[in-house]
Amino acid sequence: MDVLTPTSLDEALQARAERPGAVPIQGGTDVMVALNFDRERPDALLNLNEVNELRGWTCDDGVLRLGAGLTYAEVELAEASRTVGSPQIRNRGTIGGNLGTASPAGDALPPLVVEGAEVECASVRGTRRVPLTDFVTGVKRNALAPDELITAVLLRASGAPQTFMKIGPRNAMVIAVVSLAVSAGDELRASFGSASPRPVLVTAPRDDASSFAERVAAAAAPIDDVRGTVRYRRHALRVLTERALKRVLA
C-alpha cells in the first residue's frame with residue numbers, strides 16, 4: 001500500500017486528482033478501523049496530516065470556517081464534541097473525517113445541520129459549497145467527486161440556545177442508538193443521528209413546541225439493528241426532544 005504525504009493543499013489536490021482511489025486519512029479513527037478489520041484494502045492512503053491549510057478555524061463577518069482537519073477536542077461543537085469517544089479519539093478524530101465517513105451515527109452531523117452548515121469541497125478544478133443535508137447522500141455515501149477533498153465546514157453561528165443529547169448503552173466510547181441536536185432561535189430546529197440514512201432538518205414555529213417532539217419522531221426513518229429497534233428509536237427521539245426543549249426554551 002502506497003502512502004502519499006503532501007505538504008500543501010495544492011499538492012494534496014493534485015495527488016487526489018492523480019490517484020482518486022487513494023483513501024484520505026488524517027485522524028484515522030474511522031479509516032484505521034476499516035483497515036484493521038479488512039473492510040477496506042485501498043492501493044494507497046492520502047495522508048493529510050502535513051497539510052496546514054486544513055487545520056484551524058476562522059471567523060469572518062460572522063461566518064465560521066472550520067478546517068476539515070479540526071479535531072473534536074479543538075472545536076467543541078456545543079455538547080456534541082465532548083460526548084465523542086474517549087479523550088484519545090477526541091484528540092485525533094476530525095470534523096472532515098466524520099463528514100467524509102457519512103455514518104448516520106456521526107456525532108458532528110446533527111449540531112452542524114441545525115446551524116445550516118455547508119461543506120467546502122475542493123479539487124484542482126476549483127471549490128464548491130454543498131449544504132450538509134445534500135452532502136450526505138446515504139449510509140456512508142457522500143457527494144464528493146472522485147478528485148475532491150473536504151477542506152472545511154462553513155456556517156453562520158445563529159447564537160440561538162441549543163443542546164445535544166444522545167442515548168447509548170453507556171456514557172462513553174459508544175455509538176449512539178439515537179442522537180439529537182435542537183436549537184431555539186426564531187424557529188425550532190432539530191436534527192438527529194442514527195435514525196435516518198442521511199441528515200434531516202426538522203423545523204417549526206416556536207409556538208408549536210408542544211407538538212415538536214412528535215414532528216421530530218415522525219421525520220425519522222430508523223431501522224431495527226443490534227443497537228435498537230425502530231419502535232425504541234422513535235420513542236427515544238420523542239423523549240429527547242421534550243427534554244431538549246426544556247433546556248433551550250428555559
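A charge sits over a ring if NZ of Lys or CZ of Arg is within 6 Å of the ring centre and within 35 degrees of the ring normal. Keep that criterion in mind for the opening stop; the model on screen is a predicted one.

**Stop 1: a charge over a ring.** Select Phe37 and Arg39. The arginine lies over the face of the phenylalanine, 4.8 Å from the ring centre. A search for aromatic pairs gives nothing to display, as the structure holds zero of them.

**Stop 2: helix H1.** Select residues 9-18, which form H1. Colour Leu9, Ala12, Leu13, Ala15 and Arg16, the buried residues of this helix. Then look down the axis of H1: the buried residues fall within an arc of 160 degrees, so they line one face of the helix. Turn to the face away from that buried side to find Asp10 and Glu18, both exposed. Next, show what covers the buried residues of H1: the cover includes strands E1 (2-4), E2 (23-25), E3 (44-47), E6 (118-123) and E10 (149-156).

**Stop 3: strands E13 and E14.** Select residues 187-193 for E13, which runs antiparallel to E14 and is joined to E14 by four bridges. Within this pairing, Ala190 stands opposite Val202 of E14. Now show the side chains of residues 202-205, the span of E14.

**Stop 4: salt bridges.** The whole structure contains 13 salt bridges. Three of them are visited here.

- Select Asp107 and Lys166, whose closest N and O atoms are 2.9 Å apart in a salt bridge. Asp107 lies in the loop between helices H5 (95-101) and H6 (109-114), and Lys166 in strand E11 (162-167), so the pair ties together parts that are 59 residues apart in sequence. Asp107 is buried, at 10% relative accessible area.
- Select Arg128 and Glu148, a salt bridge with 2.7 Å between the closest N and O atoms. This pair links distant parts of the chain, 20 residues apart: Arg128 is in strand E7 (126-131), and Glu148 is in the loop between E9 (141-142) and E10. Arg128 is partly exposed at 35% relative accessibility, while Glu148 is buried at 3%.
- Select Asp225 and Arg233, which meet in a salt bridge at 3.1 Å, N to O. Asp225 is partly exposed at 30% relative accessibility; Arg233 is buried at 1%.

Definitions and conventions:
Residues numbered from 1 in each chain as written. Predicted model: local features only at pLDDT ≥ 70, side-chain atom pairs only at ≥ 80, totals over all residues. Heavy atoms only, no water. Buried < 20%, exposed > 50% of the residue type's maximum accessible area, 1.4 Å probe, protein only. Helix = DSSP H or I, 4+ residues; strand = E, 2+ residues; numbered from the N terminus. Pairing = 2+ DSSP bridges. Phe/Tyr/Trp six-rings, centres within 6.5 Å; stacked < 30°, edge-to-face > 60°. Arc of directions from axis to C-beta. Contact = heavy atoms within 4.5 Å. Salt bridge = Lys/Arg side-chain N within 4 Å of Asp/Glu carboxyl O.
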